Amino acid sequence: MSDFKEKIVLVTGGSRGIGKAIAESLADAGATVIVTYKNAIDESYFNSKNIKHFKCDVADLKSVQEVVDSIVKEFTKIDVLVNNAGITKDGLLMRMSEEDWDVVLDTNLKGVFNMTKAVTRSMMSKRYGKVINITSIVGIMGNAGQANYVASKAGVIGFTKSVAKELASRNININAIAPGFIETEMTGKLSEEVKQNYLNSIPLKKFGTGQDIANAVKFLASDESAYITGQTICVDGGIVMQ
Ligand code: NAP
């Protein structure tokens, strides 16, 4: 696979879970990796891995612009952007508050807009870039109790297709990965009964890991995927078969 040694990679929400696995995998492949987070990070761990880190709320355009500007100033470019930061605030529509709707849409969808707009500006001038958006299979299938989250993730799929058409002529590929059920803190909140129901619906009969998602990200970040853009790849043990 491609050499990542000269590549600068930015992963949002890289402090834990899937983002952390993606960051470590690309750092191990030789890339210079920068992660962002919202609340806290284990600084000594990330320093020991030589992964840079910036506190940045993806929903805050000003903060995003400042962080992206300082990364481009220090590293001269960003080759790969992985829009991974995301949250859930689950509840049935009739009980869903406006706050829970807004914070999920602001983080999961507006955050992707903020980051992609800020980063692709510099990619356009370099005429090279890979953007990988972490959506979810529920953005394709729908899911009761997650109208806010599903709307945000379906929005990311539409955003990916539109921006892929806009930026193709600048040699920028933008694709999405739709994970199924991946064992992280996000899914750790679910009850055993809900987890068992998910497991029963997975053809490969096992949950995924952050590494499964990182493997797909590595492919889309590599030059081996140069002829792929605007796509959503499900990494889900076979739940969604399109
Ligand atoms: P997670 O363990 O809860 O980690 C979420 C990450 O996002 C953390 O690093 C968190 O930072 C960061 N984050 C949250 N809000 C942010 C904000 N406003 N600005 C910047 N960073 C923010 O989640 P995960 O399970 O790894 O999920 C990662 C992505 O995969 C999400 O987009 C999620 O929707 C998607 N996904 C996950 C699954 C699954 O089964 N786990 C399935 C489908 C899709 P802090 O640590 O500072 O809070």
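By class, the residues around the ligand divide into 13 nonpolar, 13 polar and 5 charged; Ala, Val, Leu, Ile, Met, Phe, Trp, Tyr, Cys and Pro count as nonpolar, Asp, Glu, Lys and Arg as charged, and the others, Gly among them, as polar. The model is predicted: local features need pLDDT of at least 70 and side-chain atom pairs count only at pLDDT 80 or more, while totals for chains, interfaces and linings use all residues. Residues are numbered from 1 along each chain as its sequence is written, and side-chain values use heavy atoms, with hydrogens and water left out.

Of the 31 residues around the ligand (a heavy atom within 4 Å), those that come nearest are Ser15, Asn39, Asn84, Tyr149 and Thr184. A polar side-chain atom of Tyr149 is 2.5 Å from a ligand oxygen atom. For Lys153, a side-chain N or O atom lies 2.9 Å from an oxygen atom of the ligand. The protein buries 96% of the 910 Å² that the ligand exposes when taken alone (Shrake-Rupley method, 1.4 Å probe).

Helix 1 (17-28), helix 6 and helix 7 (185-188) each give two or more residues to this shell; helices are DSSP runs of H or I, at least four residues, numbered from the N terminus. Helix 7 gives the most, with 3 residues.

Ser152 sits in helix 6 (residues 147-167). Ser152 counts as buried because its relative accessibility is 0%, and buried means under 20% (1.4 Å probe, protein chains only). Leaving out residues up to four places away in sequence, Ser152 touches Val104, Leu105, Asn108 and Leu109, where contact means heavy atoms within 4.5 Å.

Key: Buried means under 20% relative accessible area, exposed over 50%, partly exposed in between (1.4 Å probe, protein chains only). A polar contact is a pair of N or O atoms within 3.5 Å; within protein, one must be able to donate a hydrogen and the other to accept it, and residues adjacent in sequence count only if both atoms are side-chain atoms.
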